[in-house]
Amino acid sequence: MLLLFDIGNTNTHAGLANDRRVVKQADVPTAGWFNGTAAKLVRKFAGHARLDGAVLCSVVPRATPLVCKTVQQLWHLSVLELTPKTLRGVGIDYPKPDTIGSDRLANAVAARHHFGAPVVVLDFGTAVTLDVINRAGNYAGGIIAPGLAAMTDYLHEKTALLPRIKIREIKTSIGKSTGEAMLVGAVHGYRGLVRELIAELKRELKTKQLPVVATGGYAKLIASKLPEISAVEPNLTLEGLRLTWETSRSLGKPP
């Protein structure tokens with residue numbers, strides 16, 4: 001079995017995978033790497049699994065060595081860190097590769113492997129990102145827009161009368177309350193934003209057929225009425241880490 005870590009600012013998404021797929025996943029608060037609580041949670045998560053290796057991507061550089069240390073102490077394993085230098089399965093056509101979030105690289109690996117190229121990854125997080133793998137199979141750049149929750153929370157925090165709302169589907173296009181009006185603007189409006197960005201990418205890539213793979217918190221909700229989205233893959237980042245390990249191992253380059 002393989003132990004996977006996608007280290008984000010709020011949570012670390014942990015996964016267990018065999019040589020075919022991710023079979024288990026859980027969230028561990030990233031702050032736990034700094035106060036000592038994460039090690040216990042990860043050990044419980046892994047249970048009695050026999051581990052052959054570990055691989056991570058991280059957007060929290062301070063946490064990375066702590067994760068590596070924990071894995072070494074608990075399982076006596078070195079950790080493969082996904083970076084532009086260890087990237088396998090996708091090339092890079094980007095001026096400053098070291099500025100690309102390694103979670104975005106992991107997404108690119110999984111999308112390229114399962115959907116071919118060109119392909120777009122649509123990741124709904126604190127920000128929504130669209131990452132483009134071009135026809136040559138290279139990571140070519142992308143788009144960053146405010147996340148859905150960030151947008152609605154901002155409205156609540158910066159106004160006296162707009163409430164904090166729970167994002168959900170809204171059937172009407174005319175809100176009959178302040179909360180409903182905000183939901184219409186957020187959910188329907190966000191689908192419009194995504195639809196237009198995908199259309200722009202199709203024009204720039206000069207293709208009518210462009211697979212779009214969605215992942216992240218609100219992927220299922222937004223994709224439900226967007227035929228432009230080809231698939232929703234909740235474990236896309238972890239799958240990218242699994243594939244990185246498998247390819248590195250086949251090339252004789254695991255840690």
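This is a predicted model: local features need pLDDT of at least 70, side-chain atom pairs count only at pLDDT 80 or more; totals for chains, interfaces and linings use all residues.

Student: What makes β1 and β2 a pair of strands?

Tutor: Pairing takes at least two bridges. β1 (residues 2-7) and β2 (residues 11-17) are joined by 6 bridges and run antiparallel, so they count as paired.

Student: Which strands are called edge strands in that sheet, and why?

Tutor: The open sheet has 5 strands in the order β3-β2-β1-β4-β5, with mixed pairing. β3 (22-29) and β5 (79-81) each pair on one side only, and they are the edge strands. From one strand to the next, the twist averages 20 degrees.

Student: How do you know that β7 is enclosed?

Tutor: Buried means under 20% relative accessible area. In β7 (residues 119-124), 6 of the 6 residues are buried, so the strand is largely enclosed by the rest of the structure.

Student: What covers the count on each face of β7?

Tutor: Val119, Val121 and Asp123 are buried on one side, and Val120, Leu122 and Phe124 are buried on the other.

Student: Which strands does β7 pair with, and in what sense?

Tutor: With β8 (residues 127-133) the sense is antiparallel, over 6 bridges, and a hairpin of 2 residues joins the two. Asp123 has Thr129 as its bridge partner there. With β10 (residues 212-216) the sense is parallel, over 5 bridges, and Val121 stands opposite Val213.

Note on methods: Residues are numbered from 1 along each chain as its sequence is written. Side-chain values use heavy atoms; hydrogens and water are left out. Helices (H or I, at least four residues) and strands (E, at least two) are DSSP runs, numbered from the N terminus. Axes are lines fitted to C-alpha atoms, for helices over the stretch in contact, and angles run from 0 to 180 degrees between N-to-C directions. Buried means under 20% relative accessible area, exposed over 50%, partly exposed in between (1.4 Å probe, protein chains only).
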